[in-house]
Amino acid sequence: MPHLKKAELIEGIVYMPSPVRAGKHAEPHSHLAGWLALYVSETPGVRCFDNPTVRLDMDNEPQPDLVLMKLPEKGGQARISADDYIEGAPELAVEIVGGLHAYDLHQKKGAYRRNGIREYLAWIASERRVVWWELRQADYQEIALAPEGLLKSGVFPGLWLDTGALLGGDMKTVLAALRRGLDSADHAAFVAG
C-alpha cells in the first residue's frame with residue numbers, strides 16, 4: 001500500500017497505526033533514534049533504520065519504529081534487497097508502544113520471535129517503562145538490569161541503556177551510559193573483529 005504513510009502486514013492482517021502523538025511517541029522515538037545513532041557512529045559494520053519495511057516472511061512485513069542490524073560481514077542475518085527493503089530478520093527491532101494491548105506486544109512480537117529477530121526493545125508509554133527482550137531457546141526472555149542499573153545488549157557489545165534516565169528525559173545521562181559501553185573492552189573487540 002505505497003500510497004499510505006504506514007501500513008504493516010502482521011500475521012497476514014494489515015494494520016494501519018493511529019496518528020503519532022508528540023509526547024507519547026514522537027519524542028520517545030527521537031530519543032531512541034539519537035541513542036542508536038551515536039552507537040552506529042562508533043560501530044563500523046552496523047546500520048540503523050527509521051521506520052523501514054522489513055520483509056520477514058509472506059505474512060509479515062512490519063515497519064518497526066527503529067531497526068539496528070549488523071552488516072553481513074559482521075555476521076548479520078538480514079540484507080538490503082535490490083529494491084531497497086530489509087529482507088530477513090534484523091538483530092534488533094525497537095517499538096514505541098501505546099499500551100499493553102497493542103499488537104506490537106502480541107502479534108508483532110510473535111512474528112519477530114518466530115522469524116529470529118534476536119532482540120526486541122519496547123518503550124511502553126502507558127506504563128512508563130522500557131522492556132528489552134533477547135531471543136533465547138526460541139523464546140523472548142527479558143534482559144535483566146546489570147548491577148550498575150543498565151540494560152545491556154547481548155547482540156551489540158557496548159549498546160548500554162539507562163532506562164531510568166531515558167524515561168526521565170535525561171538524554172545527557174542516557175548518552176553518558178552509552179559512552180561507557182562504547183569505551184568498554186567488549187565494544188573494542190567487536191569493532192576490531
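The largest nonpolar core in this predicted model has 29 residues, and W35 and L159 make the most contacts inside it. A nonpolar core here is a set of buried Ala, Val, Leu, Ile, Met, Phe, Trp, Tyr and Cys residues joined through side-chain atoms within 4.5 Å. Buried means under 20% relative accessible area, exposed means over 50%, and partly exposed is in between, using a 1.4 Å probe and protein chains only. At least two residues of this core come from each of α1, β5 (66-70), β8, β9, β10, α3 (163-167) and α4. The top contributor is α1, with 5 residues. Helices (H or I, at least four residues) and strands (E, at least two) are DSSP runs, numbered from the N terminus.

Which residues does W35 touch, once those up to four places away in sequence are set aside? The list is L121, W132, L159, W160, L161, V174, L175 and L178, with contact meaning heavy atoms within 4.5 Å. Apart from this core lies another one, of 20 residues, including V54, A122, W133 and Y140. As background, nonpolar side chains tend to be buried together in soluble globular proteins.

A quick word on bookkeeping. Residues are numbered from 1 along each chain as its sequence is written, and side-chain values use heavy atoms, with hydrogens and water left out. Since this is a predicted model, local features need pLDDT of at least 70 and side-chain atom pairs count only at pLDDT 80 or more, while totals for chains, interfaces and linings use all residues.

Now the sheet. It is open, has 6 strands in the order β3-β5-β8-β9-β10-β11, and its pairing is mixed. The edges belong to β3 and β11, each with a single partner strand, so one side of each has no neighbour in the sheet. From one strand to the next, the twist averages 20 degrees. Two strands count as paired if DSSP finds at least two bridges between them.

Two hairpins sit at the β11 end of that order. Strand β9 (residues 119-124) pairs with β10 (residues 129-136) in the antiparallel sense over 6 bridges, and Y120 stands opposite W133 in β10. This hairpin has 4 residues between its strands, and R128 in the turn has a positive phi of about 50 degrees. Next, β10 runs antiparallel to β11 (residues 139-142), joined by 4 bridges, with R136 partnered by D139 in β11. Here 2 residues separate the strands, and Q137 in the turn has a positive phi of about 55 degrees.

Helix α2 lies across β8 (92-97), β9, β10 and β11, running at about 110 degrees to β11. For that angle, axes are lines fitted to C-alpha atoms, for helices over the stretch in contact, and angles run from 0 to 180 degrees between N-to-C directions. G110 sits in α2 (residues 107-114) and is buried, at 15% relative accessible area. Between G110 and V155 there are 45 residues in sequence and 19 Å in space, C-alpha to C-alpha.

On to the charges. Side chains of opposite charge can pair when their charged atoms come close. The structure holds 7 salt bridges, each being a side-chain nitrogen of Lys or Arg within 4 Å of a carboxyl oxygen of Asp or Glu. Here are some of them:

| Pair | N to O distance |
|---|---|
| E42 and R179 | 2.4 Å |
| R55 and D83 | 2.8 Å |
| E87 and R55 | 3.0 Å |

Why does the E42 and R179 pair tie together parts 137 residues apart in sequence? E42 lies in the loop between α1 (22-41) and β3 (46-50), whereas R179 is in helix α4 (residues 171-182), so the pair bridges that separation. E42 is partly exposed, with a relative accessible area of 31%, and R179 is partly exposed too, at 29%.

R55 takes part in two of the tabulated pairs. R55 is partly exposed at 23%, and D83 is partly exposed at 42%. With E87, the tie is between strands β7 and β4, so parts 32 residues apart in sequence are held together. E87 is partly exposed, with a relative accessible area of 34%. Finally, salt bridges that share partners join E42, R179 and D183 into one network.
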